[in-house]
Amino acid sequence: MVDLDSEVPPLPPRYRFRDLLLGDQGWQSDDRVQVEFYMNENTFKERLKLFFIKNQRSSLRIRLFNFSLKLLSCFLYIVRVLLDDPTQGLGWSPIIWVNRSLPLWGLQVSVAVISLFETLLLSYLSYKGNIWEQILRIPFLLEIINAVPFIITIFWPVLRNLFIPVFLNCWLAKHALENMINDLHRAIQRTQSAMFNQVLILISTLLCLIFTCICGIQHLERAGNRLTLFDSLYFCIVTFSTVGFGDVTPKIWPSKLLVVIMICVALVVLPIQFEQLAYLWMERQKSGGNYSRYRAQTEKHVVLCVSSLKIDLLMDFLNEFYAHPRLQDYYVVILCPTEMDAQVRRVLQIPMWSQRVIYLQGSALKDQDLLRAKMDNAEACFILSSRCEVDRTAADHQTILRAWAVKDFAPNCPLYVQILKPENKFHIKFADHVVCEEEFKYAMLALNCICPATSTLITLLVHTSRGQESQQSPEQWQKMYGRCSGNEVYHISLEESMFFAEYEGKSFTYASFNAHKKFGVCLIGVRKEDNKNILLNPGPRYIMSSTDICFYINITKEENSAFKKQEKHRKNHESKLSCHGASRLPVHSIIASMGTVAIDLQDSGCRGASRATLALPAEAGREGRRPSIAPVLEVADSSSCQTCDLLSDQSEDETTPSDDEVSAGLDYAKGYPPYSPYIGSSPTFCHLLHEKVPFCCLRLDKGCQHNYYEDAKAYGFKNKLIIVAAETAGNGLYNFIVPLRAYYRPKKELNPIVLLLDNPLDDLLRCGVTFAANMVVVDKESTMSAEEDYMADAKTIVNVQTLFRLFSSLSIITELTHPANMRFMQFRAKDCYSLALSKLEKKEREKGSNLAFMFRLPFAAGRVFSISMLDTLLYQSFVKDFMISITRLLLGLDTTPGSGFLCSMKITEEDLWIRTYARLYQKLCSSTGDIPIGVYRTESQKLTTSESQISISMEEWEDTKDTKDHFSCRGNHRNSTSSDQSDHPLLRRKSMQWARRLSRRAPRHSAKAAEKINQQRMNLYRRSERQELAELVKNRMKHLGLSPAGYDEMNDHQNTLSYILINPSPDTRLELNDIVYLIRPDPLTYVPNAGPSRKGSFCNTVGQDTREETQL
């Protein structure tokens, strides 16, 4: 042991405990070597190089000093010429010798010595091993020519009057100026700097050529015409401008030779300079230059960041952005990584846009390009996704990176971001305003199923219009529809409002009714001063306060009304979206929890994108009608407020489960969905199943161990189906299902939802298309991009047209990529009325209308819409920061406690005693607390019958020969869905007569056989196209084993037209089958309890399943 201990060496000093306690004192005995780095930069030459060349500031000062010396030498030469007398010499002597005074000689010698020393020093510092490279440089040779002779005259006084071409220093001054500008922009590699340099080089080259020619001609002509400097200037300008008057010309051959040389040099040098300048100008035009810092500090601008700029997107943005009067002085800076295409270039050359729109080619991920756009001084930045990309997730990823880059570069710049897929929304929750395309898309599609034309209603509300569309039209519906389309949502503080100030301390419904009655203004919501949440129709229990912000629908805002003396500016409160939810889950888990039905769900990946729908038309009993309408109370009391607990079922038929529900095994409960498909989805209280449905039961077309049904009819659904035809079952489908299962919808009105991932005729028939209430056709992602932009909708349009021809009574709601393609929906080539509407659309577009497409019948009826029409929602939120929040509340994407929801009710014959919209407003406010915001009206189109529906037999035509002229004169106005001439009754009659004559001539072998053939032939001729299609569908249903009893020859809706009247005037007459849009108070805001807590609660005014609530 002792030997082992003796062999262990002692610990080094650094590891001793004593040294750790003593700190650095224990290290003093160590042998350490101090190393100095970058010793090569400490030499005298390196220090000189750092001062004269490497250091930007000192190098710039040296260049400026050198430039000043060269200009001084040129100035001294001009002074010498002005003081010289060329008449003293004879012959060639005036060219060789000049008269130079002693002080002038001293100055020139001093300048020459300094210049030569500086040139030699810089040549030494920049020496890289090749001395001839330094000596043979033109600037070095010019310096030797101009400086060395002066130094020689110091030692040889006889040569003091020797001519020295000092004017050549102008080229050295040009060289020094170029170096000085390069030092100035050494660290800034920008296109505009290169452009500035090139312009400077061109101008300096031209000046040097002229100055050299002036001095050279003047000096050589000392032996000839003895021209002055001004005469030489005159001669050079006349010569270089190719005018050539000839009054001043060189006399001796040296001056003539100099002119020839200078012209040749100009012809070689100047075109090269112009070519480089033109190239840089073209490059600058492509990249767009920059937005100047002075502009950014004195004028306001916004930045639009896009991955690719299309003409439709640009015009939608510009028209909506500049529709607001206070934005007329703003500039729009477009930052796009691609070159400007021809269409965009032509538009931006229009004077109206060329003065206000600046295009920059660059990337938002480069700080240099963000600096060019002056992002840190911008009022806002709009970041738009490219919805035409094949991979929409990749497009979202690009948008997210752009948003992060802008937030990193300009943290205080407000961000307005458009995202495509909802699962990517939480990455940009820091943005001030976010619009998720798939959320809004599926929400509007779902609401269209229960509140007709919700998509049209929202589109008209978020578009800026003056309501002047089609006011010269002879048709009354177009005038009303166009005028009401100008209604928008505005806001104002109650204490500053003449609309609502008098209702302080009154109930919300009282203020809404009386403001509409008095001013025609529809008050739809409020926001407390200390709360960022907007409440739509908080109900009669809500008392208006002076600090409340009122949101109302009107043609124009109150500040622009005639009775307002001055306009007051108020600060808008930003509304932020709350994000809740867990991680992404399979869509079939949500579908199983909601109790929906899916077909062909083999592909349930997270690629799909869709929209949702909201409330259902209200139904009510018809008893207990009073002859007059009760007044709206200023302050609601407990007796006027209907109390109900919507946490339990309220309708009489829902208190106990029906036999059908028991047999179907349906057991609903109300609560929040247990799973969220993506982070940021808003929790919604809705109907749920107690037990999750097995995944195998979601396949409607295939049986499983739990049931053996293989088609929708076998399930025996009590309510009609809602069929969703989509490409995939994506996360956005959640926003379609939840509004259709909202808690305020009674169980008896819940429609089964069928997801159709492929739509051949067989699958359509199996999923119950023959008894479906609505069919929603979602635009497919795989077809959103096409070589020709507008062809992206081709497949969707043709498929929908096929559905329309096969199932003409089916309500089809279609989403398109391009709004311009709406004119092809339910297309009829010979429909004169559609052609008239097409001409009307063109006229409105020529007038500058932003809603030229609004008169297309499918759009007005709410059967088609494009999500690109909602782009204006993001643009409008720059002026109205509340618009996104209100739209989300209307669509049911957000649920705020105390805020109402959108629903509808239908006017029946028993409700016509109300007569006018104002009386309806009073009835709803006094009874249920509902706020009507518009009317969906359907009228007869009064058109002639379509040719394809005419089926008249030969005998009928023979009996109606007198009416032939009547039909022929109206034939030009018929709608046609087929170009086949055999469908025309007159042609069919002639064909039958020709067939009869043939049958008379032919030999009759068998009377019975001939009669049978004639009967079959007549049946075929009598059959119309509609009958042929019906026969096709019925035969296919029989082949699939389905009963064709549910399918009959459906009549399409081509003889009716539907449109929306937003906030119509109080004296508007109600008509039969009008559907009224209502904002109904939240029933859950008032839950009856014992005690005084009721006082502060809102009134639980309405549940859709209460009969009296929608009864007028």
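Does F519 count as buried, partly exposed or exposed, and at what relative accessibility? F519 counts as partly exposed, at 29% relative accessibility; buried means under 20% relative accessible area, exposed over 50%, and partly exposed in between, with a 1.4 Å probe and protein chains only.

## Basis

This is a predicted model, in which local features need pLDDT of at least 70 and side-chain atom pairs count only at pLDDT 80 or more, while totals for chains, interfaces and linings use all residues. Residues are numbered from 1 along each chain as its sequence is written, and side-chain values use heavy atoms, leaving out hydrogens and water.

## Chain

Of the 1112 residues in the protein chain, 52% count as buried. Among contacts (heavy atoms within 4.5 Å) between residues at least 6 apart in sequence, 78% join residues at least 24 apart.

## Aromatic pairs

The whole structure holds 31 aromatic pairs. Rings of Phe, Tyr and Trp (its six-membered ring) pair if their centres lie within 6.5 Å; planes under 30 degrees apart count as stacked, over 60 as edge-to-face and the rest as tilted.

F499 and F519 form a tilted pair, 4.9 Å centre to centre with 50 degrees between the planes. F499 lies in the loop between β7 (488-493) and α22 (508-519) and F519 in helix α22, so the pair ties together parts 20 residues apart in sequence; helices (H or I, at least four residues) and strands (E, at least two) are DSSP runs, numbered from the N terminus. F499 is buried, at 3% relative accessible area.
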